Amino acid sequence: MDTREVLLVDAFAAEPMAGHPAGVVAEAEALTDDQMTAIAAELGASATAFVTESEAVDRRVRFFTASGETDRADHAAVAALSALFERDALGAGEYIVETAQGTVETEVKPDGTVWVDQGQADIREVALDHGTVADALGVDVATLQDVGADLPLAVAGTSEPWLVVPVNYFEHVSGLDTEMAAIRDLCERVDAVGVYAFTFDTIAGTSTLHGRGFASARGVDEAPVSAGAAGAVGAYVRREGALDDTIEQVVVEGGHFLDRPGTVEVDTDGVEAWVGGRAVTTLQGSLTVPAADDETDIIEP
């Protein structure tokens, strides 16, 4: 049987057991799709990145969940490149990464910060009643009005579409009492993966926004720090002119209500977006992988 080193890496985190955890297999050559799916299921993170050499670009990275391959998982990309940098398998510099969705531009800074290009932002206002959205979030409708000179409800997406909902104060974001069936209904109505409630009222003075993401359609009542939501809301507030011109990067904090605080940096002009952050390896070990043609075997820790 084949044994592979596996990692759990917390993306967008300053310390272990924070941010958004991802599995990483830094040497994934010769693993089959079934084996990678099984490893992802065993590690139990929302996504696991499998890194191999690429014939066309700098690296190939495939992302798997317990259900199979997924096109994109930016937190896992940050985790994977951070792990390679940490092990001196990758130096600071710009890299093109091959994924199931296509090639993605990335950059590793000398301090270990990893940046991922999310591409163009698609932002569209939606005709939703504020009262309906407030009911789904479990807040008074007044908390969603007169925010940032009447920022509109919109679906914003860089890597994935989120319904972004401006909230006036942090205390109201902290007191959200979401109704998951109603959240799913909102997402279906506007074709979004989740609802992202955010405020300019933050915990850290260095942060621009504080947000909480709810993606019950994916089976996730509340997501930890989300690269997709951060990129989306960063592009949205920039395009809406809601930021002071002196703010070069949008710093999005979140995860505090899951005891997994983290920060995503967003570099955006409102048209395109890059997301960046640090990552911390929390667990390092090995898994014994069953033979590729033996689907009944179970991975042994």
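Trainee: Let's start with F198: is it buried or exposed?

Mentor: Keep in mind that we're looking at a predicted model. Buried means under 20% relative accessible area. F198 comes out at 0%, so it is buried.

Trainee: Okay, on to the rings. How do I read a pair of aromatic rings?

Mentor: You describe such a pair by two things, the distance of the centres and the angle of the planes. Searching the whole structure here turns up 5 aromatic pairs. One of them joins W162 and Y196, with 6.1 Å centre to centre and 80 degrees between the planes. Over 60 degrees counts as edge-to-face, so that label goes to W162 and Y196.

Trainee: Which strands do W162 and Y196 lie in?

Mentor: W162 is in strand β11, residues 161-166, while Y196 is in strand β12, residues 194-199. The pair therefore ties together parts that are 34 residues apart in sequence. Both partners count as buried: W162 has 2% relative accessibility, and Y196 has 5%.

Trainee: And which ring does F198 form an aromatic pair with?

Mentor: F198 pairs with F200, again edge-to-face, at 5.9 Å centre to centre and 75 degrees between the planes. Look at the burial, though: F198 sits at 0%, whereas F200 has 29% relative accessibility and counts as partly exposed. Ring pairs also bring in Y236, giving a cluster of F198, F200 and Y236.

Trainee: What about charges and rings? Where does the charged end of R212 sit?

Mentor: Over the ring of F257, with 4.4 Å between that charged end and the ring centre. For an Arg, you check CZ against the ring centre and the ring normal.

Definitions and conventions. Residues numbered from 1 in each chain as written. Predicted model: local features only at pLDDT ≥ 70, side-chain atom pairs only at ≥ 80, totals over all residues. Heavy atoms only, no water. Phe/Tyr/Trp six-rings, centres within 6.5 Å; stacked < 30°, edge-to-face > 60°. Helix = DSSP H or I, 4+ residues; strand = E, 2+ residues; numbered from the N terminus. Buried < 20%, exposed > 50% of the residue type's maximum accessible area, 1.4 Å probe, protein only. Lys NZ or Arg CZ within 6 Å of the ring centre and 35° of its normal.
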